[in-house]
Amino acid sequence: GINAEYGKKSFGARLLPCRKNHKKGTLGFFRFIQSTPFLVCPASSLTDSYHTAVMRESVDTPFSGDFRDNPTIISNSSISFLKSQPPVEHSLSSLPEQISATSTSNPSSGICFEGPEKRLEIDFKPVFQNPRGFRVYTPKQLQKFILDPAKCTIISQMSNPHFDSYVLSESSLFVYPYKVILKTCGTTTLLAALPNLLQLGSQLGSSVEFVTYSRKNYNFPLSQPTPHSCFQEEVRYLNMFFEGTPFIFGPMTSDHWFLYVADYSQNDPLARTEYTLEIMMSDLDPTAMKQFYKEDGVSVKDTTQKSGISKIIPETKIDDCQFEPCGYSMNGLLNEVYSTIHITPEPQCSYVSYETNLSSKSFTEVINRVLQTFRPGRFTVALFVENSQAEDLGKLPWNFAIPGFKLAHKQEIVFGEDITYSIFYCNYKSLQA
């Protein structure tokens with residue numbers, strides 16, 4: 001182990017070897033502003049071997065007992081990923097025993113909904129003979145083979161020349177020819193859709209190129225079913241199909257974000273930079289949330305316009321839905337750009353998520369529009385940048401100083417050599433809280 005001194009607090013760290021990445025010459029570094037215990041994402045050495053640094057505070061935390069959603073050690077045992085013939089079925093009984101714990105957050109009153117979503121994105125290698133790729137599958141097929149295992153249903157569908165968008169009973173599905181993004185909230189079993197999703201890709205003659213799985217920490221982790229009871233279990237399940245690396249961002253005593261990455265892509269100097277921006281908001285302003293309770297005579301289009309959602313990315317084609325008695329979801333389409341918003345307005349568990357793949361040199365304006373619309377008491381911003389350009393490294397992707405909010409935590413990591421990936425993670429708290 002190693003010891004790291006930060007300010008007045010002492011931390012101990014263990015380095016755990018992770019699987020080798022498929023690229024050579026990876027290099028990682030990170031910068032952070034921190035005042036609470038945290039887990040840091042892995043930084044590789046000059047070889048192609050990754051390590052996970054698990055950092056833990058040496059003094060007591062405000063929480064007691066075991067942490068179901070606060071992992072300590074990630075198992076390195078895995079089943080090799082089969083590119084040409086991805087497995088269709090896996091028995092969850094082969095997973096290690098679930099970690100028992102006590103939830104660190106419980107609803108104080110009323111019925112609470114788990115707003116933070118699980119998110120899976122898989123890029124498949126394009127097949128010249130099948131230019132439509134996954135878009136050849138019908139909504140009925142997607143429902144049966146992907147969404148039924150995940151325990152959610154299609155509510156609405158909208159398409160443009162670039163991709164298909166589905167609003168779900170729990171969040172969203174986006175289908176590009178060779179990219180699939182599935183995002184589900186509540187107690188859905190997103191990863192249960194993975195075997196069939198890989199099989200659908202195999203039937204197209206394709207194989208996996210890049211995988212990310214991510215989510216914010218749960219509010220009510222004890223309510224989550226297998227294989228989502230904790231991040232360890234999710235990583236072990238993903239390792240049955242891929243050779244990936246787990247990352248954890250943020251303080252373990254507050255908001256934090258889990259990320260798993262498996263990369264099988266080849267170096268392409270002409271590959272364009274791609275962005276995924278997520279804004280995860282909690283403790284929302286009750287007045288802002290009131291408009292997301294269904295009212296007689298107020299249509300969902302009225303809500304979308306009056307709330308300011310339609311102004312976040314102008315000219316976006318919006319497919320929106322309002323739930324009984326409250327709640328709201330939308331998917332936006334603008335050429336190749338998607339955006340999605342999901343709102344849980346109940347005060348005891350208020351949560352709003354915003355996500356887009358908009359390409360921009362600065363996300364300051366988009367972030368400010370989102371904050372003005374929902375007025376959170378605290379929020380997290382996570383930006384994943386794929387194929388970062390050398391001239392962009394070191395530049396701020398948004399103005400970290402946001403008026404009315406305190407920057408409570410910041411981490412940046414850049415890894416890779418020929419292909420560079422950048423991750424920016426920040427937690428903010430309202431100055432009025």
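**Figure 1. Overview of the predicted chain.** Of the 433 residues in the protein chain, 57% are buried, where buried means under 20% relative accessible area, exposed over 50% and partly exposed in between, with a 1.4 Å probe and protein chains only. This is a predicted model, in which local features need pLDDT of at least 70 and side-chain atom pairs count only at pLDDT 80 or more, while totals for chains, interfaces and linings use all residues. Residues are numbered from 1 along each chain as its sequence is written, and side-chain values use heavy atoms, with hydrogens and water left out. The secondary structure comes to 6 helices and 20 strands, these being DSSP runs numbered from the N terminus (H or I with at least four residues for helices, E with at least two for strands). Among contacts (heavy atoms within 4.5 Å) between residues at least 6 apart in sequence, 73% join residues at least 24 apart.

**Figure 2. Strand 13 and the strands that pair with it.** In strand 13 (residues 274-284), 9 of the 11 residues are buried. Strand 13 runs antiparallel to strand 18 (residues 376-386), to which 10 bridges join it, and two strands are said to pair if DSSP finds at least two bridges between them. Within this pairing, Glu278 stands opposite Ala382 of strand 18. Strand 13 also pairs in the antiparallel sense with strand 17 (residues 351-356), over 6 bridges, and there Met281 stands opposite Val352.

Figure 3. Strand 15 (residues 328-334) pairs with strand 16 in the antiparallel sense over 7 bridges, and Asn331 has Thr340 of strand 16 as its bridge partner. These two strands form a hairpin with 2 residues between them, and Asn335 in the turn has a positive phi of about 55°.

**Figure 4. Salt bridges that link separate parts of the chain.** The structure holds 17 salt bridges, each defined as a side-chain nitrogen of Lys or Arg within 4 Å of a carboxyl oxygen of Asp or Glu. The side chains of Arg119 and Glu355 meet in one of them at 2.7 Å, N to O; Arg119 lies in strand 5 (residues 118-124) and Glu355 in strand 17, so that this pair links distant parts of the chain, 236 residues apart. Both Arg119 and Glu355 are buried. Arg135 and Asp164 form a salt bridge at 2.8 Å, N to O, and because Arg135 lies in the loop between strand 5 and helix 1 (139-150) whereas Asp164 lies in strand 7 (residues 164-168), the pair ties together parts that are 29 residues apart in sequence. Arg135 and Asp164 are buried. Lys179 forms a salt bridge with Glu274, with their closest N and O atoms 3.5 Å apart, and this pair links strand 9 (residues 179-184) to strand 13 across 95 residues. Lys179 is buried, with a relative accessible area of 14%, whereas Glu274, at 26% relative accessibility, counts as partly exposed. Arg119, Glu121, Asp123, Lys179, Lys183, Glu274 and Glu355 are linked in a network of salt bridges.

Figure 5. All 8 of the 8 residues of helix 3 (residues 231-238) are buried, so the helix is largely enclosed by the rest of the structure. What covers these buried residues includes helix 2 (194-203), strand 10, strand 11 (245-249) and strand 12. Ser202 has its place in helix 2 and is buried, with a relative accessible area of 17%. The C-alpha atoms of Ser202 and Phe124, which are 78 residues apart along the chain, are separated by 9.6 Å.
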